[in-house]
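Student: I'd like to learn how to read a protein model. Can you walk me through it?

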Amino acid sequence: MAGSPGLSLRRIAAIVFAAGIAAAPAGAAEGGPTGSDAMIDDLIARMSLEEKVGQLTLVSSTLAVTGPEVTADLESAVAAGRVGAVFNAFGADYTRHLQRIAVEETRLGIPLLFAHDVLHGFRTVFPIPLGIAATFDPAAAGEAARVAAVEASAAGVHWTFAPMVDIARDPRWGRVAEGAGESPYLGALIAAAQVAGFQGRDLAAPDTVAATAKHFAGYGAAEAGRDYNTTDLSERVLRETYLPPFRAATETGVAAVMPGFNDLDGVPATANAWLIEDVLRGEWGFGGVVVSDYTAIPELKAHGIAADDRDAARLAFTAGTDIDMQGGLFLAELPRLVEAGRIPMASVDRAVRRVLKLKAALGLFDDPFRYSDPERERTQTLTAEHLDAARRIARQSLVLLENEGNVLPFESDMPAIAVIGPLAHDAASMLGPWAGAGDPAQASTLADGVRRAVAPGTRVLVEPAGEIERSSAQDIARAIAVAEKASAVVLALGERAGMSGEAASRADIGLPGDQLALARAVAATGRPVAVVLFSGRPLTLTALREAVPVLLQAWFPGTAAGDAIADVLFGRAEPTGRLPISFPRAVGQIPVHHDAKPTGRPASGSHYTSRYLDLPNDPLYPFGWGLSSYTDFEIGPPRPDRETLARGGRLGISVDVTNTGDRVGTETVQLYVRDLVGCVTRPVMELKGVRRVTLRSGETGTVRFDLTDRDLSFWRRDMTFGPEPGRFEVLVGPNAAETRSAFFELVGP
Ligand code: GLC
């Protein structure tokens, strides 16, 4: 299959440049000899088979637990050369200690790799990745990754298992929190920026880390939204929807790729040679490391495709998985498989070479201790600059869903304000489900933020009103009493951080516990009420919107949570976030997303069309939704420069934007495209451009988009990738539901 979908290299370069960094070609195709290649070949020639499989073995330290098994006696395993990399390991002193054992006590002194899940911050925690995607700003995503890399590398981390680039359309799946939402285009933009942010210009620089695109591929399509469940996708849907962010990550030079836990069309990704060898390495030329997910190799037995450990090790290794994370099966079984002639030594050498090249690219053979730097760890983490970035990006991630009656922004000098709800002071939840080495004690809660934001004379009344899962009648009575003493109320509602993320699927994605009753009771006091929603996924908010039509979606905003939210609540900053994923009216609508197919009977007033009897088809909040700051904008129709786009050419599209409100604000103009007739059915719209523009009251600006035939390309009937001549609709607007159109023709063979 020819073709290289996803973002053009031009667009990748633009993203990477916007992130202020040029990516390191860490995972670039296995190219010609470099200085380290001769050293690596010499080292491999001196290694025993046991030492080789030791380099293909990744084990967890006990500093953090991110899966079902834990490692016994890590230090002895390192000293015996049975470990090539350790994850959940960080801290300059601890990593220095383990590295010394590897370098001084093993026969060949090969340095260890230290890895950790640094998804959205290390000690300074940024919004969860779904919140970062809500900025619709790749530069923000790149900056957050850059800060995370500076802090993690100062603590001895060489390698992060991030970015998670799984596209997801099913918010029952808890890991939707870790990705960039439903759009392959936005997902690819964010993935490229995050890889560039983590890896910087040079992996050998002490403040960069190797990145990992995960979970390859289609893991977000888990059946029924239940984590680890089977995924069954046509090749066209896999390539069109789920692969583009991985393609963008590999084009940006990502150092590693991690297959998902899922079986794809019956073959678990960890043992899927078509995915790894044919697509990733063959079509895309990826030359980096493929690392299994946590015990995913022994789990091939549970999948029912491996009869025993040896079978599991053979299937995973021959499919292209280089490193066994926490499974211990490469260590136990590869030597026997090589001795029995079932796996060629050359294949083992090839996998070992990829691992050693990564260590060389990181500079570990020059100085194994360069990243374990107590001085840097002390001076380069939680700095004022990092905390400012975290607060700014957290503000950008907030999405104002409703503001009926312009209740927001609040005045900061009102006599008294109540902060009510079980998430008002839940510092741990502010960091989200993958908080790196973040410390809740460093996080500002919503109560903290409000206290710091109001005038000295304003009383702040805080009432948790029970727990996330339960508010008793007494709890609600207390909440009413507190609300009646206040001039306005901020309601802190939503999920605990552990209700999303890994192994955290929910069949009902409504507000947990009695929070709806609490909201209704507080609204009944007649006080102005604004709800701040904390969640790692879209929640079904239909009833809440009826009760309190002032909603600010906050996701989990990180270390600066409370201060960032307060900045927006009191009008010191504009809410500029947009939804990177549709919010369904009810779980029964799932999957609901902007790039749906038209069907042969599109929903209309007549009976025999594709619709529900009990709900509209459209989501409660569409992809791209978000009130535009505290002002209003008028977005004009798209104006193509010409009526035609020639193959290989470029078509400029202009869009006028006017700030019709009375405050400065930022609008996020989205451009969608529809292929009106194709050799296969095509989505009703696909995001193909985003432009953010800040305008003063009354000011008009013009944003420009450029379309090329790559933007119009798709996997055609014969599974080649490319465009087809014909008529296209271009749609622009503030979200996927409020657009204005123009048309153009793609001409040429
Ligand atoms: C987990 C996750 C994966 C993570 C790994 C190591 O099971 O699936 O995303 O990187 O284990 O913590």
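Tutor: Let's start with the domains. Taken over C-alpha atoms, the centres of domain 2 and domain 3 lie 36 Å apart. The bounds, from an automatic or database domain assignment, are 20-377 for domain 1, 399-575 for domain 2 and 633-747 for domain 3. This is a predicted model, where local features need pLDDT of at least 70, side-chain atom pairs count only at pLDDT 80 or more, and totals for chains, interfaces and linings use all residues. Residues are numbered from 1 along each chain as its sequence is written, and side-chain values use heavy atoms, leaving out hydrogens and water.

Student: Which residues come nearest to the ligand?

Tutor: Near means having a heavy atom within 4 Å. Of the 13 residues around the ligand, the nearest are Thr66, Asp117, Arg175, His215 and Asp293.

Student: And which side chain has an N or O atom 2.8 Å from a ligand oxygen?

Tutor: Polar contacts are pairs of N or O atoms within 3.5 Å. The side chain of Lys214 has such an atom 2.8 Å from an oxygen of the ligand. For His215 the distance is 2.7 Å, and a polar side-chain atom of Asp293 also lies 2.7 Å from a ligand oxygen. The protein covers 99% of the 310 Å² of accessible area that the ligand has on its own (Shrake-Rupley method, 1.4 Å probe).

Student: How do I look for empty space?

Tutor: Rolling a probe the size of a water molecule over the atoms shows where empty space is left. Here, four cavities of 30 Å³ or more are counted (on a 1 Å grid over the protein atoms alone, sets of points where a 1.4 Å probe fits but cannot get out). The largest cavity has a volume of about 100 Å³.

Note on methods
Polar contact = N/O pair within 3.5 Å; in protein donor to acceptor, adjacent residues only side chain to side chain. 1 Å grid on protein atoms, 1.4 Å probe; cavity = no way out; pocket = protein on both sides within 12 Å on 5 of 7 lines; lining within 4 Å. Points joined across faces, edges and corners; volume = space filled by probe spheres on them.
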